[in-house]
Amino acid sequence: MGTFINIHENVKKQTEIQVYSSERESGNAYLQIDSLLDIYNEEKNIGKIQIDKVEEIVGGYHISGNGEYFSVESEWKNEQAGCGFIQVNLNVTYNKEASGNYGLQFNADLAGSGKPTWMIPGAFYKENRFEHNTRKYPRYDYQDGNHEEMVSDHWSFRSDRAALPAIFAWNDEMCGALCVEEMSEVGLTSLGFRGNDSKTSIWVNFPYKEEPVTFVGEPIPEPMDISLYTFKPGETIHLQVKIYTASPDLHSYDPFVREMYRQHQQEYSLNPWMGLEEASELTAHGLYRWHYMPEHSILAETAAFDREFNNNVKGMGDRPHMHVGWVSGAPYSYALLTYGRKNGHQHYVDAAIDVMNNIASALAPSGTFWASWVLGKGWGTGWNPKNTWLQARTISEATLFLVRALNFEKEAGVSHPDWEKAVQSNLDFAVKHQRSDGNFGSYYHFETGEVEEWDGAGGILWIASLLEGSNFFEKEEYRFAAEKAGHYYEHFVLDEYIYGAPEDVHLTPTSEDAYNAVVAYVLLYENDKNKKWLKLAKHAADWLMTFRWTYNLAFPEHTFLHQYDFRSRGADQASPSNQHLHNYGLFCVPEMLRLWKYTDDPYYLDRTRDHIACFLQFIARKDGDFNAYKGMVTERFYNTNCFQPKGMMLTLSHSWCVGLVLYATQEALAFNNSLQLS
């Protein structure tokens, strides 16, 4: 494995740089750089810095070029430690006698056969959105498309949208990538690509450019956003780019992500506000005090930070709704139950049992749980594309945590026959509706139970529910169904495109899909110690890490997150369509830590520690802490210009966010000597 440089002269006698991988499929596959920088202003491209002179130096090359506007002196060093990449350092001098506003672009063309595919970690995956997806967000199309519909053959995005600021491109013969830091001497950077009949290109911009339109979280985009830097006469700036190449294997991003993480790990520090036990104590209080509604036997999905505002709008800041899994319900009731029993808080135990009794009491005509309960409407189907659909992930997650609650209560000498009956109804439904190839389907009709959407991996969490249900109920048919599903869902993992987990982002690749895949395949491995399952668990975990921040974002000075010194290393992007940082990765903390043990790969420990440490920030320690109340936890930290300005935080506490901290901190205690978080 390695990335190498070839200095080449084209037919026009112009010097070009070819960067290639030792793992490429042919000698015709490489990244081609025919200029050191392209220059543009707000209106158009105005020139290139052609390569004038190349000198060999120790470990690489010194390459220079001159133009009307700028001159460039650069060093290209072959860094073969780790995965191997090219470190490019550019000293760029402005030549004009009057100040001017310009942008600079470092561009590389990907040579080789086949149509391209892409990844910007956390922000863009492959085509990114299916044509039939009901959610509107940026989509790649080789034939171009309607930019106002957010369909294009080219895109540029701010680097703060990316968990690692890198653009990866693949064709049939190799992978090529460019990587920068979020910030440069001229400001925020960006990442871009183009792929059509003419060429395949990737680039980085200094400062950022977003085109052809700007995605702000809404179905209607904003216009393109081009930022420029004001250069002063004689000014010299220093810019850096890393170039990576690898095989055409779609998993070939992993060594480079690991290498960049290793470097960022040394540069960007963590800042947990507290240890695991304090976080558990606070979030148990917060879940019970602010989200448990005994009059409805629910965990309310939201509770407003601003209680005066909430009172003035008749409680509308609090959302008296409850999903049975996912954003409320069984997983967090389970966390409250376990904390209450272990620490002698009977009121927590009673509340958790009350909520789970409520969930188990109401099955849809199909035999599954209902998705959600809404004040004034009762039980219903949730936030799906059709109001007659129930979603597999929501139901299977509720089933999984009710099985876990049954196991936990059994060890305490307590039985819940109604829970058992409800869980078995759901598990029997999954087995009955499983297709012969192992697919559970993603959406079911709430009355008939018929599968109405087979596409996606929304059903992958049935694997975990069935395996744990098989152990509790001693039913082998559940285990067989889980193993068959493991073979079916394998293709999503190997294709590096797992999608369909959340109800509200139809058939979209999300970090939640990665969490569910990790849980499913770790449990499959524990079931029979088949090394195939362990390999798939590792594969899914590596893909998960493309959603996880390797660095600390530079938040604008006067924003809330800057003032509180929020460290983003370890946070996860929700999805390319739902761009904000969230803590749902806490869902798979126990499985990630066991995966570390099974593989003896410290990368999984380090990155799981990062995620826990990140969300040991912003747990309200007392009433008034960051304008919240004791034990509250927000859902959203805004990392870019999506939904809200960068540096803001959603001022609502969410039951799933509070509940996942409570769940993960309890589960992580057994590993605390290794995590070193207390």
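Colleague: Are Phe168 and Phe256 buried or exposed?
Modeller: In this predicted model, both Phe168 and Phe256 are buried.

Colleague: How many aromatic pairs are there by this rule?
Modeller: The count comes to 67 aromatic pairs. Among them is the pair of Phe168 and Phe256, which is edge-to-face because the ring centres are 6.1 Å apart and the planes stand at 75 degrees.

Colleague: Which parts does that pair tie together?
Modeller: Phe168 belongs to strand β16 (residues 166–170) and Phe256 to helix α1 (residues 253–267), so the pair ties together parts 88 residues apart in sequence.

Colleague: Which strands does α1 lie across?
Modeller: Helix α1 lies across β9 (85–94), β11 (117–120), β16, β17 (175–179) and β25 (236–246). Relative to β25, the helix runs at about 145 degrees.

Colleague: What is the strand order in the open sheet?
Modeller: The open sheet is formed by nine strands in the order β6-β7-β8-β9-β25-β17-β16-β11-β12, and the pairing is antiparallel.

Colleague: Which strands stand at the edges?
Modeller: Those are β6 (53–57) and β12 (124–125). Each has a single partner strand, so one side of each is left without a neighbour in the sheet.

Colleague: Over how many bridges do β6 and β7 pair?
Modeller: Strand β6 pairs with β7 (residues 60–66) over five bridges, in the antiparallel sense.

Colleague: Changing topic, how many salt bridges does the count come to?
Modeller: By this rule, the count comes to 37 salt bridges. One of them joins Glu409 and Arg341, whose closest N and O atoms are 2.6 Å apart. This pair links distant parts of the chain, with Glu409 in helix α6 (residues 392–411) and Arg341 in helix α4 (residues 330–343), 68 residues apart.

Colleague: What about Arg594 and Glu526?
Modeller: Their side chains meet in a salt bridge at 2.5 Å, N to O. Arg594 lies in helix α13 (residues 589–599) and Glu526 in helix α10 (residues 511–528), so this pair ties together parts that are 68 residues apart in sequence. Arg594 is partly exposed, with a relative accessible area of 24%, and Glu526 is also partly exposed, at 25% relative accessibility.

Colleague: Which residue forms a salt bridge with Arg621?
Modeller: Asp625 does, with the closest N and O atoms 2.7 Å apart. Arg621 counts as partly exposed at 33% relative accessibility, whereas Asp625 counts as buried at 13%.

Colleague: Which residues are linked with Arg158 in a network of salt bridges?
Modeller: Arg158 is linked with Asp160, Glu182 and Lys646 in that network.

Colleague: Over which ring does the charged end of Arg158 sit?
Modeller: The charged end of Arg158 sits over the ring of Tyr208, 5.2 Å from its centre. In another case, the charged end of Lys529 sits over the ring of Tyr525, at 5.4 Å from the ring centre.

Colleague: Back to the rings, which residues do ring pairs link into a cluster with Trp273?
Modeller: The cluster joins Trp273 to Phe305, Phe555, Phe560, Tyr564, Phe566, Phe615, Phe618, Phe626 and Phe637 through ring pairs.

Notes
Residues are numbered from 1 along each chain as its sequence is written. This is a predicted model: local features need pLDDT of at least 70, side-chain atom pairs count only at pLDDT 80 or more; totals for chains, interfaces and linings use all residues. Side-chain values use heavy atoms; hydrogens and water are left out. A salt bridge is a side-chain nitrogen of Lys or Arg within 4 Å of a carboxyl oxygen of Asp or Glu. Helices (H or I, at least four residues) and strands (E, at least two) are DSSP runs, numbered from the N terminus. Buried means under 20% relative accessible area, exposed over 50%, partly exposed in between (1.4 Å probe, protein chains only). Rings of Phe, Tyr and Trp (its six-membered ring) pair if their centres lie within 6.5 Å; planes under 30 degrees apart count as stacked, over 60 as edge-to-face and the rest as tilted. A charge sits over a ring if NZ of Lys or CZ of Arg is within 6 Å of the ring centre and within 35 degrees of the ring normal. Two strands pair if DSSP finds at least two bridges between them. Contact means heavy atoms within 4.5 Å. Axes are lines fitted to C-alpha atoms, for helices over the stretch in contact, and angles run from 0 to 180 degrees between N-to-C directions.
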